[in-house]
Amino acid sequence: MAISTLARRKATIFLSSRYLYNTCKYSFSITRGFASGSDENDVVVIGGGPGGYVAAIKAAQLGLKTTCIEKRGTLGGTCLNVGCIPSKALLHSSHMFHEAQHSFANHGVKFSSVEVDLPAMMGQKDKAVSNLTRGIEGLFKKNKVNYVKGYGKFLSPSEISVDTVEGGNSVVKGKNIIIATGSDVKGLPGITIDEKRIVSSTGALALTEIPKSLVVIGAGYIGLEMGSVWGRLGSEVTVVEFGPDIVPSMDGEVRKQFQRTLEKQKMKFMLKTKVVSVDTTGDGVKLTLEPASGGDQTTLEADVVLVSAGRVPFTSGLDLDKIGVETDNAGRILVNERFATNVPGVHAIGDVIPGPMLAHKAEEDGVACVEFVAGKEGHVDYDMVPGVVYTHPEVASVGKTEEQVKALGVAYRVGKFPFLANSRAKAIDDAEGIVKVIAEKESDKILGVHIMSPNAGELIHEAVLALQYGASSEDIARTCHAHPTMSEALKEAAMATYDKPIHM
């Protein structure tokens, strides 16, 4: 059965129609080998973030002459420089401080006092970022990727004008251009981000002192993660959300438990609430709020306000209109199933096209796009892209939520297992959370897995692999898991889905 599945995988390219714009009118150019002209590249990648730098390295590995253009001057994009990596560094450091304050004594580790050295904490974060960006430059050298530091814009479908960081200008030519410029912070009307008192996620990663009070506008992944960082360090955190729920893409049952956990950590929530205006004329920030459905206005004061209302594709200054690249109403570049735009030789990947705005999704886009350019076959299934909220506990998911399965009218079964019944979680005194498995009733095929636990972002990948290969809940349940591990909770939840768990 496994062999036939693998054979089907190799023979079939499947990209979720939910996210990709597929039209047969788009043409596609294939390039093999090196360009004949000494100055012409086979592939030019605009953007050195997770999608762009991975695409560039993969292209070079496939024997294509490749140049990557990056305006920041350091590789890794938003994710590595001012996003995923620095936020995870602060999440880990702040969690260590919180544990020292509240949990160490339970394990027999006692000391008279503990304090935050914020400059040292920020220094550790910056060191991690610096080491990783230099590491990517090393990978470029190893794989012979030409790296141009500057801001690129189209002169033609095969020519990019680059204003270099040194102040000069050059023209980079390529048979295939890949747009991988990522996304930017979504602003809100009437709110000016100054990165001091009103900050984006970038500013929230670089505060020079711990605010006494922090208001987070937006209850998505980024807002909850950054709220957790500063809440652990001592800030009073209030999350204001226009919608009725936090993280609306999350499974409803898991979301409710997650919110209760965050509230126990003293994070406050104001849902169905609209920010009408923000006043910065005083020492702090005064927000005027009203119910999303309308009603009486109230005020809320804070030392710092974090605007975390989502992200938008970043294509500013590329001069896409000059070459006629089509975009949708949200500014996303439209591509076909091969990541080709309507302009021959121009491709796009990552946050600038429809689909989840996630670094690992962009990486998969980059590899698949380059494989198509090289005349091979690429594969990305957006329904199999995991999502993780890196709070504590973490929440990770892949596949469909119970609400989505219900909406499809599919008969299904649900199996759940709490970490309170998991021996490893109890042994380390960190047992808050649950695993939820959703499977089709007749076939037992897994449709979705949702995990709330410490390190859920690591545990989810067994479920990703299971969904990728069409596994059943019984397949996971009958797979031996080491004891004692947190992973056993997934095994038990799978057992609960098709039969009964042992330890509950």
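This is a predicted model: local features need pLDDT of at least 70, side-chain atom pairs count only at pLDDT 80 or more; totals for chains, interfaces and linings use all residues.

**Entry 1: helix 5.** In helix 5, I found L118, M121, M122, K125, V129, T133, I136, F140 and N143 buried. I recalled that an α-helix has 3.6 residues a turn, so residues three or four places apart point the same way.

Next I checked the length. Helix 5 runs over residues 118-143, which is 26 residues, and I got 38 Å from its first C-alpha to its last, close to the 38 Å expected at 1.5 Å a residue. Just after helix 5, I noted that K144 has a positive phi of about 60°.

**Entry 2: helix 4.** Here I listed P86, S87, A89, L90, L91, S93, S94, H95, F97 and A100 as buried. I followed the buried residues of helix 4 to helix 3, helix 5 and helix 7, against which they pack. For the span, 19 residues at 1.5 Å each should give 27 Å, and I found the end C-alpha atoms of helix 4 to be 26 Å apart, which agrees.

**Entry 3: helix 4 with helix 7.** How do their axes cross? I have them coming within 8 Å of each other, at roughly 35°, and the crossing is left-handed. On the helix 4 side I wrote down S87, K88, L90, L91, S94, H95, F97, H98 and Q101; on the helix 7 side, E225, M226, S228, V229 and R232. Sorting this contact by class, I got five nonpolar, six polar and three charged residues.

**Entry 4: helix 2 with helix 10.** I then turned to helix 10 (residues 359-373), whose axis comes within 7 Å of that of helix 2 and crosses it at roughly 30°. Because of that angle, I count helix 2 as roughly parallel to helix 10. I logged this crossing as right-handed.

Which residues make the contact? Helix 2 brings P50, G51, Y53, V54, A55, K58 and A59, while helix 10 brings A359, A362, E363, G366, V367, V370 and E371. My class tally for helix 2 with helix 10 is nine nonpolar, two polar and three charged residues.

Notes
Residues are numbered from 1 along each chain as its sequence is written. Side-chain values use heavy atoms; hydrogens and water are left out. Helices (H or I, at least four residues) and strands (E, at least two) are DSSP runs, numbered from the N terminus. The expected span of a helix is 1.5 Å times one less than its number of residues. Buried means under 20% relative accessible area, exposed over 50%, partly exposed in between (1.4 Å probe, protein chains only). Axes are lines fitted to C-alpha atoms, for helices over the stretch in contact, and angles run from 0 to 180 degrees between N-to-C directions. Angles under 35 degrees count as roughly parallel, over 145 as roughly antiparallel, 65 to 115 as roughly perpendicular and the rest as oblique. A crossing is left-handed if the near helix is turned anticlockwise from the far one by less than a right angle, and right-handed if clockwise. Contact means heavy atoms within 4.5 Å. Ala, Val, Leu, Ile, Met, Phe, Trp, Tyr, Cys and Pro count as nonpolar, Asp, Glu, Lys and Arg as charged, and the others, Gly among them, as polar.
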